[in-house]
Number of protein chains: 2
Amino acid sequence: MADWPKSVHIHEEGPREGFQFEKGAIPTAAKVELIDALSETGLKEIQTVSFVNPKRVPGMADADEVVRRFRKAPGVRYSGLWLNEKGLERALASEKIDVEGRIVLCASEPFLARNQNITLDQMADMQRAMIATYQARGIPVVEGAVQAAFGCNFKGEVTTGDVLAIVARIVSIAQESGIALKRLVLADTMAWAVPARIRAVVGAVRERYPDLAVTLHLHDTRGMGIANAYAGLEMGVHAFDSSVAGLGGCPFAAHKGAAGNVCTEDLVFMCEEMGISTGVDLDRLIDAANLAERIVGHPLPGAVKQGGSLNRYRQAGQ
Amino acid sequence: MADWPKSVHIHEEGPREGFQFEKGAIPTAAKVELIDALSETGLKEIQTVSFVNPKRVPGMADADEVVRRFRKAPGVRYSGLWLNEKGLERALASEKIDVEGRIVLCASEPFLARNQNITLDQMADMQRAMIATYQARGIPVVEGAVQAAFGCNFKGEVTTGDVLAIVARIVSIAQESGIALKRLVLADTMAWAVPARIRAVVGAVRERYPDLAVTLHLHDTRGMGIANAYAGLEMGVHAFDSSVAGLGGCPFAAHKGAAGNVCTEDLVFMCEEMGISTGVDLDRLIDAANLAERIVGHPLPGAVKQGGSLNRYRQAGQ
């Protein structure tokens, strides 16, 4: 039988992933309203904004204002995203964002060439430079992340060996600076994974790096998100990135169905129905998902917000 | 490790499930066009129509005409649905429908009371009457089916014990008439299942009835369809009902998100990417899914028709 965890940690990324890529401006007040609603659901970690160049990502131009205005709830960690030192400065200045460093590499050089016009060596050097900045400021670095860990629209297959080589490189970069990483994010950036690949890659990483807790970052572009999360649970994964209502998407993936992350409330439904604790009140989360849908003004992919939780049917049946 | 099958059998139900419940009339020619397109994908079994009372299901009033007009492709089995002897007569008269009997019971008495105003005993007697008709005409009866096998909006929980009791009753009804069933459909009629329930129920049924091949009929109302199919594969299930593009839905389930069956092309994508043969040409099937969407004139839930297969990316990467 599978070694399912007793509980899982969910890193909610909807406000950042979702609003970053919506066409049309989302009012700052609406972004704040969603973050505040999510804070009341029992979620323990919410990624709020990207501190990126407003010229490149206009949807995040109000990031500092969003952070200023949302209400911090007790017991919730608020994260943000940044790509360089300037973004890090903004995150630090906010005083509400829980700032941690991470070391990110990509398992596909063609993806890097196409989207960031850099080589893997250059990306590694950028990580080293950021580590120096983190360490100079006393910011902890505990997480590594592998982009395109299950396949790439530009490279094609990404093998388990490719992933292990990238993880080795991340671990080595960490060790150069005396850092022992605790967590590793495996990201299915372009939605290539199926459950068998999740099992193979997570299994190989777990075997080689038993002290690294794996987080899965799953995109749902081909409808495999929940099945892949389940395969992750079977392999003992107990941390997932996800987006309320399925908000978000990858703008660089070069296919029309750039669906977002696996949907938070669908993931919570599956876990709770299998006896795996998420700490989340599903009905409140469904309310937040419906709010997200009203904010963006178009249907979002999550299913449970339509189908509903089973609570009222259970009560009716008793 | 799971004992995945090497190949799976897919019973495509889109034309029947989907068009039966669409609001607004679908032209007969469009129904025929979709069936003909599906016949060219490599699918081995396609459920085409319901031979039901046109007054109760106006969307199926043209069932006989649809069957008259679709092109039979070699190697494809065409099935239909009927609820009584009159419907059976129409299926037989068509001469294109592969007529087989089945014994259907429901694991929830409240569901029967609510939707058909009958008791389980009455349903059992109706099955016996149909068996007599089948046997009088030399029609084989090889399949049993359990409705609401994973939970019910009116009864609440359906336990593994409930399901085993219903299967025992189906097997007993078969034996009364000297029938040894070969297959058993477990239907998640109201989308209550999660992978752990699939494992528990399929496991218990397999253990008690090792000679009955289980087919899963999965609804995707809460986004669990593909994950549940994967859990089925892990339990050795090698037959699935599904609907192209996710066409269809249950009109009786009393919730707004009455989504259809698990989506055929998403299921095919998962299987083929895991090395499990479906016999289906995924790109052709995606074309058929896009046709289905054009026919109904609104978005359908399948993901892979948006995200695309991985074939062109693999070629690009070589």
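Thr48(A) touches Pro15(A), Arg16(A), Ile35(A), Val67(A), Phe70(A), Tyr78(A), Ser79(A) and Ile97(A), with residues up to four places away in sequence not counted. Contact here means heavy atoms within 4.5 Å. Thr48(A) sits in strand β2 of chain A, residues 45–51. Helices (H or I, at least four residues) and strands (E, at least two) are DSSP runs, numbered from the N terminus. Thr48(A) is buried, and its relative accessible area is 2%. Buried means under 20% relative accessible area, exposed over 50%, and partly exposed in between (1.4 Å probe, protein chains only).

The model is predicted: local features need pLDDT of at least 70, side-chain atom pairs count only at pLDDT 80 or more, and totals for chains, interfaces and linings use all residues. Residues are numbered from 1 along each chain as its sequence is written, chains are lettered from A and ligands numbered from 1 in the order in which they are written, and side-chain values use heavy atoms, with hydrogens and water left out.

Chain A as a whole comes next. Chain A contains 13 helices and eight strands. Its C-alpha trace spans about 60 × 50 × 40 Å along the principal axes. Of the 318 residues in chain A, 62% are buried. Contacts in chain A were also sorted by sequence separation. Among those between residues at least 6 apart in sequence, 76% join residues at least 24 apart.

Chain A has 34 positive and 38 negative charges, and their mean positions are 3 Å apart. Lys and Arg count as positive and Asp and Glu as negative, while His and the chain ends are not counted. Each charge is placed at NZ of Lys, CZ of Arg, CG of Asp or CD of Glu.

How are the two chains related? A rotation of 180° with 0.0 Å of shift along its axis superposes chain A on chain B, with an RMSD of 0.0 Å. The two copies are thus related as by a two-fold rotation axis. In chain A, the C-alpha nearest this axis belongs to Ala227(A), at 1.9 Å. Superposition is by least squares on the C-alpha atoms of residues with pLDDT of at least 70 in both copies. Of the interface residues of chain A, 100% are also interface residues in chain B, so the copies meet through the same surface.

Ala227(A) is one of the buried residues of α9(A). Helix α9 of chain A covers residues 225–234, and ten of its ten residues are buried. Gly236(A) follows α9(A) and has a positive phi, near 85°.

Most residues other than glycine have a negative phi. Ala148(A) has a positive phi near 55°. Ala148(A) lies in the loop between β5 (141–147) and α7 (160–176) of chain A. It is buried, with a relative accessible area of 0%. Asn117(B) also has a positive phi, of about 55°. Its loop runs between α5 (109–116) and α6 (120–136) of chain B. Asn117(B) is exposed, with a relative accessible area of 66%.

Three further sites complete the survey. Val142(A) is in strand β5 of chain A and is buried, at 12% relative accessible area. Beyond its neighbours within four places in sequence, Val142(A) contacts Glu100(A), Gly101(A), Leu181(A), Lys182(A) and Arg183(A).

Thr28(B) lies in helix α2 of chain B, residues 28–39. Thr28(B) is buried, with a relative accessible area of 18%. Residues up to four places away aside, Thr28(B) touches Asp62(B), Glu65(B), Val66(B) and Arg69(B).

Glu293(B) is found in helix α11 of chain B, residues 282–296. Glu293(B) is buried, with a relative accessible area of 16%. Its contacts, not counting residues up to four places away in sequence, are His298(B), Pro299(B), Leu300(B), Lys305(B) and Gln306(B).
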